[in-house]
Amino acid sequence: MTIDRIGVTQRWCDAAIFNGIVFLAGHVAEKTEGRSLGEQTTEVLALLEETLEAAGSDKSRILSVQIFLTDIAKIAEMNEVWDAWVPKGTAPARATVEAKLASPGHDIEITAVAAKKST
Amino acid sequence: MTIDRIGVTQRWCDAAIFNGIVFLAGHVAEKTEGRSLGEQTTEVLALLEETLEAAGSDKSRILSVQIFLTDIAKIAEMNEVWDAWVPKGTAPARATVEAKLASPGHDIEITAVAAKKST
Amino acid sequence: MTIDRIGVTQRWCDAAIFNGIVFLAGHVAEKTEGRSLGEQTTEVLALLEETLEAAGSDKSRILSVQIFLTDIAKIAEMNEVWDAWVPKGTAPARATVEAKLASPGHDIEITAVAAKKST
């Protein structure tokens with residue numbers, strides 16, 4: 001069975017797809033780097049959505065996410081954006097922990113595993 | 001192929017099941033919040049077991065776990081409970097790192113991926 | 001469907017294989033514990049490669065990796081080794097965050113999910 005990869009560079013890919021399952025890279029803010037956690041969350045979720053669509057999945061088919069926040073005390077600010085974004089009845093298995101990220105302007109990083117749409 | 005979700009709220013589900021694989025949310029203590037790491041570990045593993053059973057799997061079919069401890073120096077206290085809990089010969093791929101968690105009363109959070117039982 | 005496990009002890013296994021997907025444990029340095037991050041990265045990637053081969057996969061078939069560094073400021077030192085190690089065009093979905101690890105001599109831990117080779 002072949003592996004499909006999206007947005008592949010020498011260092012990573014945005015998503016790897018195998019056997020109907022999509023593995024997404026840790027996504028971080030691009031345009032909103034350094035801005036509020038809420039703004040970054042909005043952008044990161046939009047970027048995840050783009051990658052999901054490119055991989056033949058969508059945000060209603062996410063199986064699990066892992067969310068890293070540089071300040072876990074701000075989780076409510078992230079949750080507000082998250083709750084509004086998740087399609088009703090399709091929330092994934094989720095874990096959220098605090099961790100320092102690679103770029104000082106990034107306060108949130110999200111990885112995910114999703115199911116491809118049936119074809 | 002359909003996705004089954006257990007314990008779904010607007011924010012997360014306890015487990016998402018697709019193509020025979022079960023993705024479990026980060027599980028934390030409920031009744032033993034604020035108690036010793038050993039007590040919390042015992043409860044978290046019991047909760048994981050409940051979710052696994054509800055998802056059509058069991059603790060002998062875990063593929064991988066990720067364990068977050070707020071104080072990695074206490075890993076031996078967690079390992080003692082863990083080692084007694086894992087059915088002989090079925091230990092999963094495991095990674096354990098330190099991370100601050102969302103609630104100050106939580107000292108351990110465990111996520112897992114498991115295989116459904118054959119039907 | 002059966003689960004195959006490699007290097008299983010009472011606490012963990014090096015890899016669990018189910019339905020063509022290989023789940024790898026967090027790998028850390030053995031011989032280079034306490035040495036530079038670059039040296040540890042070289043060893044950890046070699047160990048991952050060994051486990052992948054034993055599991056019927058290889059480093060060109062990695063779907064996702066999670067990298068934990070005890071000092072994220074040193075990520076460039078890890079990336080240099082990583083970029084040279086990844087076979088062109090096969091880079092996996094990747095997330096790298098900072099986390100304290102179980103042994104003070106370990107500065108990097110890597111987990112991965114990979115696809116088995118077709119048979």
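**Chains B and C: symmetry, interface and sheet**

In this predicted model, chain C can be laid on chain B with an RMSD of 0.0 Å by a turn of 120° and a shift of 0.0 Å along the axis. The two copies are thus related as by a three-fold rotation axis, and the C-alpha of chain C nearest that axis belongs to A99(C), at 3.7 Å from it.

**Interface between chains C and B**

- On the side of chain C, 23 residues are in contact with 25 residues of chain B.
- Strands β2 (15–18), β3 (21–27) and β6 (108–115) of chain C each supply at least two residues of the side that touches chain B, and β3(C) gives the most, with four residues.
- By class, this side of chain C has 15 nonpolar, five polar and three charged residues.
- The copies meet through different surfaces, because only 4% of the interface residues of chain C are also interface residues in chain B.

**Sheet and helix of chain B**

- Six strands of chain B form an open sheet of mixed pairing, in the order β1-β2-β3-β6-β4-β5.
- At the edges stand β1 (4–6) and β5 (93–98) of chain B, each with a single partner strand, so one side of each is left without a neighbour in the sheet.
- Neighbouring strands of this sheet are turned by 10° against each other on average, direction ignored.
- Strand β4 (residues 62–69) of chain B runs parallel to β5(B) and is joined to β5(B) by six bridges; V65(B) stands opposite R94(B) in β5(B).
- Helix α1 (residues 37–54) of chain B packs on the sheet, where α1 touches β1, β2 (15–18), β3 (21–27) and β6 (108–115) of chain B, and the helix direction makes about 30° with that of β6(B).

Methods
Residues are numbered from 1 along each chain as its sequence is written. Chains are lettered from A and ligands numbered from 1 in the order in which they are written. This is a predicted model: local features need pLDDT of at least 70, side-chain atom pairs count only at pLDDT 80 or more; totals for chains, interfaces and linings use all residues. Two residues are in contact if their C-beta atoms, placed from the backbone, lie within 7 Å. Ala, Val, Leu, Ile, Met, Phe, Trp, Tyr, Cys and Pro count as nonpolar, Asp, Glu, Lys and Arg as charged, and the others, Gly among them, as polar. Copies are superposed by least squares on the C-alpha atoms of residues with pLDDT of at least 70 in both. Two strands pair if DSSP finds at least two bridges between them. Axes are lines fitted to C-alpha atoms, for helices over the stretch in contact, and angles run from 0 to 180 degrees between N-to-C directions.
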